[in-house]
Amino acid sequence: GDEVAWIAGAASPIGWSIRPTDPNDGDMIYFSGPTRVYVSPCVAERALGGKPALQVDVAKREVRLSFRAPAGEGCAEMSPVCGLEGSFGQLAAGPWVFVCKQSGIDVSIPFTVTTVTSRTVYYVDRRAKGSQNGTSWTDAFTDLQSALAAAPSFCEIRVARGTYRPDSWSDLYPGDQTSTFKLKTGVTLKGGFAGVGSSNPNQRDVLVHETVLSGDLLGNDDASVIRSRLVGHASRADNCHHVVTAVNTSSTAVLDGFTIQGGHAFGSSSPGASTYGGGLYIDGASPVIRNCLIAGNAAAFYGGGIYCRGDCAPTFIDCVLADNWSAWRGGGMYKDWGSRVTMERCLISNNSTVYDGGGIANHTEGELVLSNCILSGNLCTGLDSGRGGAIYCSFAQVTLNHCTLAGNFATFGAGLACASSNEPGSSDVDVRNSIIWDLGDSLWIGDSSIVQIAYSDVQGGWSGQGNLDADPRFVDAGRWDDRSTPREPTDDTWFDGDYRLAWDSPCVDAGDPSESLVPNAKDFGGRSRRSGVAVDMGAYEQRNEPPIADAGPDVAGFSIDGVSGDVTLDAGRSLDPEGQALTYRWYRDGRLVSSQQRFTTTLPVGEYAFTLIVNDGIRDSAPDEVIAGVWPIIPTVAGVSPSTIDRKKPAQALIAMLMLPSGRRATDFNLAEPMLLFPGAVAATKQTTMVWMNGAVYAIARFEMPQVLDALTTDGQVELRLVGALKDDRYFSGTDTVTIK
Ligand SMILES: [Ca+2]
Ligand SMILES: [Ca+2]
Ligand SMILES: [Ca+2]
Ligand SMILES: [Ca+2]
C-alpha cells in the first residue's frame with residue numbers, strides 16, 4: 001500500500017497534508033504536497049534529484065519521502081506534472097511523523113494513529129462468504145441492514161464496494177417499498193472500501209470502490225427514461241420510497257462515502273411522507289453527510305433527492321446532489337418546517353422540478369446556508385409557472401457565500417425566486433462573494449422579500465456594494481441541449497461546465513476585501529480561499545500560479561584572441577501554467593543585464609552565473625541560474641562526417657576530427673575530458689587520437705546522432721564547433737559545416 005506518484009496537471013496542492021488527519025490503525029493514509037510544475041516526470045526528477053520514494057520506518061515511527069538517485073535518460077513521458085501524492089498504511093497506533101527533506105522541500109507533519117479497538121468496527125461486504133457476523137472482512141455481514149441492526153451506539157460500519165438494497169434483510173420481505181436504511185445516533189457509516197478479495201481490504205477510495213445504496217429493489221431501472229416520464233414508469237414501480245432515512249438522530253449519525261440512487265417516493269400518501277425525499281428523508285434529525293453522491297432519485301411531490309423537515313440541522317459536506325427530479329417542488333432538495341440545512345463544497349446540478357426550486361426549495365421558516373457550493377443546470381420545467389431555477393424561497397432565510405449559480409433556468413428567476421405561497425411570508429436572502437449567471441433574469445421577487453447582495457457578479461446587475469454585471473469568464477460555462485424542442489424542457493440535456501475562473505476574470509480578487517475567513521478556509525476544490533489580494537467571487541478561488549523560469553542548459557562561448565568571446569542566453573523554455581505572456585529579467589552579480597528572451601553578450605574569458613526571473617504580469621517566477629563560460633581556444637582545423645544528415649535516415653553517429661595545435665603531441669590531448677560539439681554542448685561518447693602521415697595529430701571523436709539532432713533544431717547549413725581539451729587546461733577548437741535536411 002505504500003505508493004508515491006507525481007500528480008498530473010498544472011496546479012500543485014497548496015501545502016503538504018495527510019488525510020485523514022486523525023487516522024486510526026485500520027486506515028490507509030493519503031498524502032499530497034506541492035512542487036513546481038514540470039513538463040514531464042523526467043524533468044521533475046532531474047530537478048529534485050531522482051525518483052520519489054516512500055519509506056516507512058516502523059522503529060522510528062517515521063514515514064519518509066525521499067528522492068533516489070536520478071534515473072537514466074530516455075524518459076519521454078511529456079505531460080505536465082506537479083506535486084506528489086501517495087498513500088501508506090496501515091500503521092501501528094502511536095505518534096508518527098511524515099517527513100520530506102530535500103533541497104527546496106522541507107516538511108514534517110506529526111500525527112497520531114489511534115487504535116480502532118476502542119471503537120467497534122463492523123464490516124459489510126456482499127461478497128463475503130465467512131460466518132457473516134461482521135467482525136472482520138472475511139466474516140463480514142453481506143447486507144447493510146444486519147450491520148445497522150447489530151450496531152451499538154459509537155461504532156463504525158465499513159461497507160465494501162458494491163450495491164446494497166434496503167429490502168435485503170431477514171426481518172423484511174423482499175420488495176418491501178417502505179424498507180429504508182435508517183441512520184442511527186452514534187453510528188458512522190463509511191463506504192468506499194476495497195473489501196474481500198483485495199490485498200488491502202481497508203483501502204478506501206469512494207470513486208474506485210463505489211458503494212451504492214440503491215432503491216431499485218429489482219435492479220431493473222431504465223436509466224434512459226426522461227424526467228417527466230418517471231411517473232408511473234414500469235422500471236420504477238418496484239423501487240423503495242426513501243433509500244436512506246434519518247429520524248431524530250443527532251450529528252453523531254454520519255454517512256460518509258456512498259452513492260444514494262434509485263429512491264422513488266411515489267407512495268400512497270398524497271401529499272405525505274411517502275411522496276417526499278426519494279434519496280434521503282430527514283425528519284428532526286441532524287446527520288452529517290459527507291462525500292456522498294445523491295443522484296437519480298425522484299419524488300411525486302417534494303424533494304426528489306432530499307426532503308428535510310423539523311427542528312434539526314443536517315450538514316452536507318463535499319456532496320453531489322445531481323439528476324434528481326420531483327413533480328412539484330424542490331428537484332434536488334425540499335426544506336420544510338424550521339430545519340436549518342448547511343451545505344459546504346457541494347455541487348447541486350441538473351436537478352429539476354415542475355414548479356418551484358429546480359435545485360432547492362425552501363419553505364416555511366428555517367435556514368439554508370450554502371458556502372463554496374456550485375448550483376448549475378437546475379431547471380423548473382413549468383414554462384408558465386416555474387420559479388427559482390436554482391433556489392426557491394418562501395418564508396425562508398437563505399445565506400449564500402462564495403457560491404456559483406450558473407446555467408439554471410426557470411421562467412421566473414432563473415437563479416433565485418422569492419414568493420409567498422401556501423405559507424405566506426417574505427424571505428430574507430443574503431448573498432455575498434457569489435456569481436449568479438443563469439439563463440435569463442437571474443432573480444425574481446414576487447413578494448416583499450429582502451434580497452441583499454454584495455461583492456457578487458449578477459447577470460443583469462443588482463444594487464449593492466461591490467457588485468458587478470460582467471461575464472464571469474468561467475473556464476467552461478456548461479450548456480443545454482434542448483433537443484430541438486424549446487417549448488418542451490423535460491427532455492433537455494445539461495452538459496455541466498468547469499466553473500473555475502479564467503485568470504483574467506473580473507471576479508478574481510473582487511470579493512469582499514474585509515471578509516474574515518476561518519483558519520484554513522477552503523474553496524469548492526478544497527484549496528485555500530486565500531489567494532491574491534482579496535477573495536474571489538464564486539465557488540472557486542482563482543490561483544495565479546507563478547511562471548517557471550528556465551534559463552536553459554549551461555552555455556559556452558569561445559575566445560579566439562584569448563581575451564573575450566560571445567555567449568548567447570535563451571529563456572525560450574520558460575512557461576506559465578496559465579499561459580500568460582511573460583517578461584524576462586536576466587541578472588549577473590545582482591545587476592539587470594537584459595530584458596530580452598534571448599540575447600548575446602561579450603564577456604572576458606572566465607565563468608559567469610546568470611540568473612533569470614520571468615514575470616506573468618502579476619507574479620515573479622523563482623530564479624533559475626545558468627552558467628556561461630568563455631574559454632580561450634587555440635584555433636585549429638576540424639572536419640565532420642557525414643557532411644549531410646537526413647533526419648529521416650540519419651547515420652548512427654557523427655564522427656569528428658579536430659587537429660591538435662601545431663607543436664602538440666598526441667600525449668598532450670586530455671582524453672579524460674570529452675570533446676564537445678556546439679550548439680548543444682553535446683559530449684563525445686568515444687574519443688582517441690591518431691597521427692596523420694604528414695605528422696599532424698588529430699583527436700577523433702564519436703557523437704551519437706540522436707543527441708546531435710536534438711541540439712540542431714533547424715535544417716539547412718549549420719556551423720558546428722568542436723572543442724577539445726589539452727592536459728594544460730587549454731582548449732583547441734575548429735568549425736565545419738553540415739547540411740541537415
Ligand atoms: Ca426498479
Ligand atoms: Ca426540449
Ligand atoms: Ca483572490
Ligand atoms: Ca501565472
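## Calcium ion (ligand 3)

The calcium ion (ligand 3) is held at 2.2 to 2.3 Å by Asp509 (OD), Ser531 (O), Ala534 (O), Asp536 (OD) and Glu541 (OE). Donors here are N, O and S atoms within 2.8 Å of the metal (3.2 Å for Na, K and Ca); water is not among the atoms, so sites may look incomplete. Along the sequence, the donor residues of this ion follow the spacing D-x21-S-x2-A-x1-D-x4-E.

Ala534 is buried, at 14% relative accessible area. Asp536 is buried too, at 0%. Buried means under 20% relative accessible area, exposed over 50%, and partly exposed in between (1.4 Å probe, protein chains only).

## About the model

This is a predicted model: local features need pLDDT of at least 70, side-chain atom pairs count only at pLDDT 80 or more, and totals for chains, interfaces and linings use all residues. Residues are numbered from 1 along each chain, chains are lettered from A and ligands numbered from 1 in the order in which they are written, and side-chain values use heavy atoms, without hydrogens and water.

## Calcium ion (ligand 2)

The calcium ion (ligand 2) is coordinated at 2.2 to 2.5 Å. Its donors are Asp482 (O), Thr485 (O), Thr485 (OG1), Glu488 (O), Asp491 (OD) and Asp492 (OD). The angles among these six donor atoms run from 68 to 174°, and the site is irregular. Four donors count as tetrahedral if all angles lie between 85 and 135 degrees; four count as square planar and six as octahedral if opposite donors are over 155 degrees apart and all others between 65 and 115; anything else is irregular.

The donors show the spacing D-x2-T-x2-E-x2-D-D along the chain. Asp482 and Asp492 both lie in the loop between β45 (479-481) and β46 (493-495), so the pair ties together parts ten residues apart in sequence. Strands (E, at least two residues) are DSSP runs, numbered from the N terminus. Asp482 is partly exposed, at 30% relative accessible area. Asp492 is buried, at 13%.

Strand β5 covers residues 62-67. Five of its six residues are buried, so the strand is largely enclosed by the rest of the structure.

Strand β4 (residues 52-57) runs antiparallel to β5, joined by six bridges. Two strands pair if DSSP finds at least two bridges between them. Pro52 stands opposite Phe67 in β5. β4 and β5 form a hairpin with four residues between them. In the turn, Arg61 has a positive phi of about 50°. β5 also pairs with strand β7 (residues 94-102), in the parallel sense, over four bridges. There, Glu62 has Val97 in β7 as its bridge partner.
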